[in-house]
Amino acid sequence: MRSDTIKKGFDRTPHRSLLRATGLKDEDFNKPFIGVANSHIDIIPGHFFLQEYGRIVKEAIREAGGVPFEFNTIGVDDGIAMGHDGMLYSLPSRELIADSIETVMNAHKLDAMICIPNCDKIVPGMLMGALRVNVPTIFVSGGPMKAGHKKDGTPIDLATAFEAVGKHAEGNMSDAELYEIECEACPSGGSCSGMFTANSMNTLCEAMGVALPGNGTVLAMTPERIEMVKTAAKRVVEMAKANDDGKWNMRNILNADAIHNAFVIDMAMGGSSNTVLHLLSIAKEAEVEFDITNINTIGQKVAHIAKISPSLSTVHMDDINRAGGVNAVMKEVSRRGDILRTNAMTVTGETLAERIKDANIKDTSIIHTNENAFSQVGGLSILFGNLAEEGAVVKTAGIAAGMRQFKGTAVCFNSQQEAITGIMGHKVKAGNVVVIRYEGPKGGPGMQEMLAPTSLIMGMGLGESVALITDGRFSGATRGASIGHVSPEAAEGGMIGLIEDGDEIEIDVDTHLLQLNVDGEILERRRLHFKPVKKDIPSKWLKRYSLLVSNASNGAALKTEL
């Protein structure tokens with residue numbers, strides 16, 4: 001066992017002495033040591049109850065013949081960090097989480113790991129760290145929260161709350177209704193109830209085979225979720241005991257086929273645009289070659305069969321669970337040829353084909369068939385053009401049909417806060433393209449999410465007449481013609497930095513085009529005088545991050561060599 005490094009031989013007497021101080025007995029030194037990576041933190045609704053999950057996991061590991069060692073990672077709640085400089089820390093926290101996993105697991109030579117994430121950057125951060133460590137690993141998330149409801153029964157969620165701000169600002173919503181939404185939108189613990197980033201990543205863990213069925217859809221804090229937690233804990237001990245040949249090491253499960261399958265199911269379910277950012281970084285950690293242009297190739301072969309909030313406000317993760325869950329989605333996708341790589345292995349020991357063979361759609365109004373799909377192409381698209389030579393990402397699942405092709409005049413802002421002030425001050429009109437720049441990984445730094453400005457646009461009734469482009473990114477709760485991850489970003493000299501108010505910008509989702517329609521000679525003259533804005537960065541951590549981070553088309557991964 002890997003842990004023999006710290007527990008076998010006379011020269012490890014001091015090590016065993018320290019381990020005995022934690023409660024270990026003679027018999028424990030022949031058992032696998034299992035790391036329990038828990039992301040419990042009180043301020044995040046999807047995480048405040050995870051301490052109890054950790055207790056259940058450790059008990060189940062002991063019963064299965066392993067020795068658990070629990071440790072924690074940090075976490076940032078993107079909703080609470082939204083709309084102020086706290087959001088600068090969200091994406092960088094992914095790197096700290098990955099580093100924490102690598103540090104604890106490798107410093108103590110633990111044999112296997114169970115990860116208990118739930119929200120936002122925490123899932124991909126743990127996946128990246130687990131790939132570095134490369135031991136048998138299972139993911140079991142905290143689970144999604146149930147949808148909220150207004151008094152009249154209308155389902156609501158966090159996206160409703162953000163969009164309500166814009167409606168209230170326009171005088172289209174009373175104080176009382178705003179307060180009702182505030183109190184009812186997030187009714188329980190769990191990751192926010194729509195197909196936002198957290199639930200997107202948790203469903204993709206199923207598609208990648210690193211989690212049990214139901215990981216992305218079974219509600220938090222329910223008996224069914226608790227049973228899943230226990231099963232995952234017992235299974236990781238089995239994997240650790242049967243890993244003499246390295247069969248269950250993380251990279252043997254999360255490999256090229258798994259990355260491919262994740263993008264397939266992402267397309268089928270219209271996941272958050274953030275999944276592109278995270279999957280590209282996960283692919284790098286898995287040492288899988290994956291070009292961003294492959295995403296459009298996959299999207300052309302996958303029907304969009306599940307529409308979930310924010311794309312469809314009446315459907316939430318619990319509805320997907322009742323309709324058959326991710327297994328039913330994968331089974332239906334697999335009917336459309338060989339796009340899903342069903343020979344891929346999963347942590348349960350089954351192939352993906354074996355896992356989904358008995359799955360069926362239980363409600364075709366929630367999970368559609370391929371023939372009755374929302375679209376015959378996937379719910380995400382990568383756009384290219386002179387404005388995005390290395391790509392930009394749009395969640396096509398959330399765009400109104402009339403906005404798939406759009407030409408508009410630019411209204412430029414050099415920060416998210418400038419944009420919020422401008423939108424609320426009615427600087428943005430129908431027919432405009434809002435440009436928010438210097439919010440990329442390097443320029444932000446930290447690539448802030450733009451849920452506040454996009455929600456204001458929707459709430460103010462401009463969602464079908466105004467587009468938005470940014471080198472920043474969006475919350476999974478964003479909908480509308482919102483194009484993010486524009487690369488190269490403004491801070492590295494990208495074309496987005498050269499746009500001026502009144503310039504015509506052309507968007508064509510179906511042909512994957514993002515174009516600045518300005519004469520080439522004019523653009524060359526602008527470039528001669530162009531100097532990227534350099535922000536003062538008081539934070540030492542964010543300053544280091546800015547120096548090391550790559551752009552969004554490279555997953556905003558940190559460089560390891562200068």
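Visitor: Which element gives the largest share of the lining of the largest pocket?

Guide: In this predicted model, residues are numbered from 1 along each chain as its sequence is written, and totals for linings use all residues, while local features need pLDDT of at least 70 and side-chain atom pairs count only at pLDDT 80 or more. Side-chain values use heavy atoms, with hydrogens and water left out. Helices (H or I, at least four residues) and strands (E, at least two) are DSSP runs numbered from the N terminus. Five residues, the largest share of the lining of the largest pocket, come from H7.

Visitor: What is the volume of the largest pocket?

Guide: On a 1 Å grid over the protein atoms alone, a pocket is an open set of points with protein on both sides within 12 Å along at least five of seven lines; a cavity is a set where a 1.4 Å probe fits but cannot get out; lining residues have an atom within 4 Å of a point. Points are joined across faces, edges and corners, and a volume is the space filled by probe spheres set on them. For the largest pocket, that volume is about 380 Å³.

Visitor: Which residues are the closest to the centre of the largest pocket?

Guide: The lining has 21 residues. Strand E6 (155-156), helix H7 (158-169) and helix H8 (175-184) each supply at least two of the lining residues. The closest to the centre are Thr 160, Glu 163, Lys 167, Ser 313 and Arg 479.

Visitor: How many charged residues line the second largest pocket?

Guide: This pocket has a volume of about 290 Å³. Of its 24 lining residues, those closest to the centre are Asp 77, Gly 79, Asp 120, Leu 158 and Cys 192. Ala, Val, Leu, Ile, Met, Phe, Trp, Tyr, Cys and Pro count as nonpolar, Asp, Glu, Lys and Arg as charged, and the others, Gly among them, as polar. By class, the lining has 13 nonpolar residues, seven polar ones, and a charged group of four.

Visitor: What is the volume of the largest cavity?

Guide: The structure holds two cavities of 30 Å³ or more. Among the residues lining the largest cavity are Ser 273, Lys 395 and Phe 474. Its lining divides into one nonpolar, six polar and two charged residues. The volume of the largest cavity is about 70 Å³.

Visitor: Which element gives the largest share of the lining of the second largest cavity?

Guide: About 50 Å³ of space lies in this cavity. Helix H19 (451-459) and strand E11 (467-470) are the elements that give two or more residues to its lining. The largest share, three residues, comes from H19.
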